[in-house]
Amino acid sequence: MMNEKILLVTGSSRGIGAATTILAANKGYSICLNYLNDEKSAFKVRDEILNLGAKCIAVRADVSNEHQVKKMFDDIDTQLGSITHLVNNVGILKQKMPLIDMDGERFQQVLLTNVMSHFYCSSEAIKRMSISRGGSGGSIVNVSSGASKSGSPFEYIDYAASKGAVDTFTTGLSKEVAADGIRVNCVRPGGIYTQLT
């Protein structure tokens, strides 16, 4: 039980998140699968993981909401144990358009979901993983995008800006928590065929 690997993947009812949970389950991780709206897909992935013989819970939570994130981590503590690995995968993408046609509400929602979710989930994970707080270390992976480098002009400048923030967040956080036994890395996928894109 001491070496049990407990993983939370945000936004994991489909796409990259779902594939990540299934791969991790095959490698012996206990999984918390997070979703917001697509319960049918989430339960389908959960059942696939359970059929692999791995532990898995599916938790509905809006990870851009601090209260819901705290509740989700309490659920993980109770049902699986103390988290050891986190993949901040959740992300939203709106309709293609140039910046001049976007409104502030859209831009704010993209930043809240794609950036603040990383802050809320990382903060809760670090409280549990940090050696200085009685944890045994761990790992955080943030999912960024090639858009953080291209800027996605005339399409998704808001999304690109949010992923640029994720890149910077990763750099700073990795230096901040390294001495506490926590690795923080970022992956920046290019084009991947999922329901999002």
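Phe-43 counts as partly exposed at 29% relative accessibility (buried means under 20% relative accessible area, exposed over 50%, partly exposed in between, with a 1.4 Å probe and protein chains only). The structure is a predicted model, in which local features need pLDDT of at least 70 and side-chain atom pairs count only at pLDDT 80 or more, while totals for chains, interfaces and linings use all residues. Residues are numbered from 1 along each chain as its sequence is written, and side-chain values use heavy atoms, with hydrogens and water left out.

Rings of Phe, Tyr and Trp (its six-membered ring) were paired if their centres lie within 6.5 Å, with planes under 30 degrees apart counted as stacked, over 60 as edge-to-face and the rest as tilted. By this rule there are two aromatic pairs. The pair of Tyr-35 and Phe-43 is edge-to-face, because the ring centres are 6.2 Å apart and the planes stand at 80 degrees. Tyr-35 is buried, at 5% relative accessibility. Phe-119 and Tyr-120 form a tilted pair, with 5.4 Å from centre to centre and 55 degrees between the planes. Phe-119 is partly exposed, with a relative accessible area of 40%, whereas Tyr-120 is buried at 13%.

Charged ends were also found over rings (NZ of Lys or CZ of Arg within 6 Å of the ring centre and within 35 degrees of the ring normal). The charged end of Arg-46 sits over the ring of Phe-43, 4.3 Å from its centre. The charged end of Lys-5 lies over the ring of Tyr-29, 4.4 Å from the ring centre.

Helices (H or I, at least four residues) and strands (E, at least two) are DSSP runs, numbered from the N terminus. Helix α1, residues 15-26, has twelve residues and spans 17 Å from its first C-alpha to its last, close to the expected 16 Å (1.5 Å times one less than the number of residues). Its buried residues are Gly-17, Ala-18, Thr-21, Ile-22, Ala-24 and Ala-25. Seen down the axis of α1, the buried residues fall within an arc of 165 degrees and so line one face of the helix; the arc is that of the directions from the helix axis to the C-beta atoms. The face turned away from the buried side carries the exposed residues Leu-23 and Asn-26. Cover for the buried residues of α1 includes β1 (6-9), β2 (30-35) and α2 (39-51). Just after α1, Gly-28 takes a positive phi of about 95 degrees.

Key
Contact means heavy atoms within 4.5 Å.
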